[in-house]
Structures are given as C-alpha cells and as structure tokens.
Amino acid sequence: MGRRLALLVLGIPGLLGFGALAAAQWRGADALTEYAELQKEYPPDSMKPPDPKIVARKQLVLARADRLVPDLPEVQYQRALLFTVMAETESLQPAAGSSGGAPSPSLVTLLREALWSINHAIQLNPCSAEYQFVKATIIQNLEANLSAERLEASGKAVAQLLTISDSLDPYKPQLHYRIGSFWLALGDITSAKRIFSTVLRQNPALSKDILTVLWSSVTSVSELRDFIQHEPRTCVILAEFLAERGFDSEAEHEYLDAAPGAPNSFQVLSALVRRYMNDGKTAAVLELVKTAEHVGRIKDPRERAALRYLAGQAYFREGRIQDAISAYEAALRIDDTQLHIHHALAMAYLRAGQYGKAIARWQFLKSRFGESRVSRDMNSVMHAGLAEAFEMQGRYVDALAEYLKAAELDPRNRVLSLKIEELSGRL
C-alpha cells in the first residue's frame, strides 16, 4: 500500500504538468483563432498604410500565442507573414522624406524581423514547403541591401529554398504556381517551364493565371508554346487561351495536336467539343463521342453520361430531335443526378411536341432539386420552358403564371415581357 501511495505521489507533478501544458495549448490555439479573426476583419492590404492600432493588436495576439505555445511553428509563420506585408506596404507607400535609392532602415528592419520569424518556424518544422518559399521571398527582398559577394550567396540561397519547397510538396498547385512565377522573375526559364507544366497537369483551373504570367514574358506564340510540355491536356488549354486573344489559326493547330488524346481524356474531349460546337461542326462532335465510347477509356459515370449528353446536344443542333431525346435518356440511365441533362431532355420533348413529358420533366426537376439549389438563370429558363409547354396545350393561365415567374428572375428579358403582354391580352 505504501509503495502504491509513493508512486501516486510521484505521478501527481507529472499530471499537473500535463494539465498545465494542455491548458497552454488550448489558450495558444485560442490566441491563434483570435488572430485569424483579426486578419479576417482587417485583411492585409499592402496598397495602403495599416492602422497602427490594428497592427499593434495583431502583434500582441501573436506574442501571447508565442508565450503560451513557443513550440508551435504556425505562430512564427504568421508573424513572418505579418512583417512581410508591413515591409511590402513600406516599399509601396514610403514614408515622407525617404530617398528613392537604397531601402529605408525601417524596411530592412521589418524584413529582418520577418526572416527571424520564418527561420524560427523552419527550425520547428523544417518540412513545410510553404515556410521555405516564404523565406525565399524574404531573402530576395533583402538583396537590395547586400554587397556583390553576399548578393551571389543570397541568390544561391533563394534558388536552394525554391528547390527545397518544390521537393517538399510536389502536389500543391497553388504553391507551385507561385514558385514558377518566382523562377520566371529570377530568369530561370528552365525551372519555370518545368514547374508550370507540372501545375497545368495537376490543376488546369490555374491555366489562365499561368498563361497570363507567361504571356507577359514572351514575344511570340511560338515562344509561349516552348514554355509548356506539349501533351493533349496542355494543348487544349493553350488553344483556348490563344482563341480568346484572336490567334485562331494558332489555336486550331493546338486543337489538332490535342485531338488524338481526346478518347483518353474527358477534359480534352470536352474542350474539342466546345470548339466544334462553336464552329458548327456537329458531325465532328458525334464522331469524337463515338470514338471515345468505342475506346472505353472514359470510365467515370458522370463523364460517360456527359458523353451521351454531348451527342444529344449535337443531334439537337442538327434538328434530329428524336435522336437527341434517345441520347439524353441514355445519359440519365447512366447518371440521373445532372440537372442540365434533365433540362435538355425537357427542351427536346418540347421541340418534339411532347408537351406533357416536357411539363412532367420540369416539374420533376423542381421537386427533386428545389429552386433554392438551382441558379437564378436556370430557374428562369425552366419557368419559361414550362410556360411555353402550357401555352402549347392551351393552358394560358398556367402559362402566364410561369412567364411571370421567369420574368421576375430575368426582368430585362424583352421576349418574356412580350409573351406576358400577349397572354394577358388573351385572358
């Protein structure tokens, strides 16, 4: 019994220490939450001088968090970002009387504070790609105050940090977009090209940002083409970018290069379909979809349903309404969760004179998806479609009610206004 008591007594300080540590962790997390709320309420804006009181509040909150959880790297990371933004503001909004040559002492002080904090964060967590990248940007901004010898060493350090950041997290497109932009600014075309090509493969949604950055750095379309790896997905991304800027022949060349990859990639296929539809080449759309379905590489049910939908769109454009109906119905047998396919089927029923089926389909859509989950424009189009179907059945009161709902959602639509006037005159 005495031995058990001794062990219990020896364990109490440990339990108390653990409890104090847990409390500190909780209060530190609470301080970080308060800082995040301050950032949200007063977002950083380097284009205008910050309110000194707000900056002081942010610094106090971070100081409290650091005191409570000194081993949490996020605190030092946020502190580094805060000082970096303050330094950027200082450079964009220099104090009155400052010279336009070397950076002001206050700017250098802010950058050194940021560097100290990010170094501390990296010591606590050396495996964060974001921390390494931020350190590279801080060092790059300190270069203007260095001698030639130190400038060369600094350049090597920046390059090393970018390489480390790249290797630590190779699957973070947003970060890699920034790394690629950094390499481009440093004049390392090879590294920029490699990074941007990786980002384009990982996240095509960033393509416009990347190509816009590259476009400002090249002198010709051929030079732009040299920046990215030439494979089907990047070809169609580049093609759409060039087409938007009026380079139609160059865009067509990219589409032709991408075409062999369409049966293997829905993204490539859908981009080509958009091009063919804009050019009125419905036969090419149907051939493309037929080939993709025959090859069978596109497995995702939503994408397989979309293939049938695209075929339906081409048939509809050609006036082959019954073929369009068959394609839409086949698409919904594969995946019935896509609202736009239901709507397309209702429109095809309407054009085929199957007004009851069209009405039933739109009413089904309203009950299944609910108007709150449908965009304002789509709601207006659905109400207008219902109105036309009711009108064709001679149900003018119902038709007028639907036209009124459509017009409420799209008040500038002159066609709807005319239909309302026409039906109101009949009743």
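# Helix packing exercises

The crossing of helices H11 and H12 is left-handed. The model is predicted.

**Exercise 1. At what angle do H11 and H12 pack, and which residues meet?**

Step 1. Locate the helices. H11 covers residues 232-244 and H12 covers residues 248-258.

Step 2. Read the geometry. The angle is about 165 degrees, and the axes lie 8 Å apart.

Step 3. Apply the cut-off. Angles over 145 degrees count as roughly antiparallel. H11 and H12 are therefore roughly antiparallel to each other.

Step 4. List the contact. H11 supplies Pro232, Cys235, Val236, Leu238, Ala239, Glu240, Leu242 and Ala243. H12 answers with Asp248, Glu250, Ala251, Glu254, Tyr255, Asp257 and Ala258.

Step 5. Sort by class. The contact of H11 with H12 has ten nonpolar, no polar and five charged residues.

**Exercise 2. Are H19 and H20 roughly parallel or roughly antiparallel?**

Step 1. Find the pair. H19 runs over residues 376-392, H20 over residues 396-409.

Step 2. Take the angle. H19 and H20 pack at about 160 degrees, with axes 8 Å apart. That makes H19 roughly antiparallel to H20.

Step 3. H19 and H20 cross in a left-handed sense.

Step 4. Inspect the contact. From H19, the residues include Arg376, His383, Leu386 and Phe390. From H20, they include Tyr396, Tyr403, Lys405 and Leu409.

Step 5. Sort by class. The contact of H19 with H20 holds nine nonpolar, three polar and seven charged residues.

**Exercise 3. How do the axes of H3 and H5 cross, and which residues make the contact?**

Step 1. Set the limits. H3 spans residues 73-92, and H5 spans residues 129-142.

Step 2. Read the geometry. The axes come within 11 Å and cross at roughly 30 degrees.

Step 3. Classify. Angles under 35 degrees count as roughly parallel. H3 and H5 are therefore roughly parallel to each other. H3 passes H5 in a left-handed crossing.

Step 4. Name the residues. H3 contributes Pro73, Glu74, Tyr77, Leu81 and Thr84. H5 contributes Glu130, Tyr131, Val134 and Ile138.

Step 5. Sort by class. The contact of H3 with H5 has six nonpolar, one polar and two charged residues.

**Exercise 4. How many helices and strands does the protein have, and what percentage of its residues is buried?**

Step 1. Count elements. The protein has 21 helices and zero strands.

Step 2. Check burial. Of the 427 residues, 42% are buried.

Step 3. Check the surface. The accessible surface is about 23,000 Å², and 55% of that belongs to carbon and sulfur atoms.

Notes. Residues are numbered from 1 along each chain as its sequence is written. This is a predicted model: local features need pLDDT of at least 70, side-chain atom pairs count only at pLDDT 80 or more; totals for chains, interfaces and linings use all residues. Side-chain values use heavy atoms; hydrogens and water are left out. Helices (H or I, at least four residues) and strands (E, at least two) are DSSP runs, numbered from the N terminus. Buried means under 20% relative accessible area, exposed over 50%, partly exposed in between (1.4 Å probe, protein chains only). Accessible areas come from the Shrake-Rupley method with a 1.4 Å probe; for residues, only the protein chains shown count as cover. Axes are lines fitted to C-alpha atoms, for helices over the stretch in contact, and angles run from 0 to 180 degrees between N-to-C directions. Angles under 35 degrees count as roughly parallel, over 145 as roughly antiparallel, 65 to 115 as roughly perpendicular and the rest as oblique. A crossing is left-handed if the near helix is turned anticlockwise from the far one by less than a right angle, and right-handed if clockwise. Contact means heavy atoms within 4.5 Å. Ala, Val, Leu, Ile, Met, Phe, Trp, Tyr, Cys and Pro count as nonpolar, Asp, Glu, Lys and Arg as charged, and the others, Gly among them, as polar.
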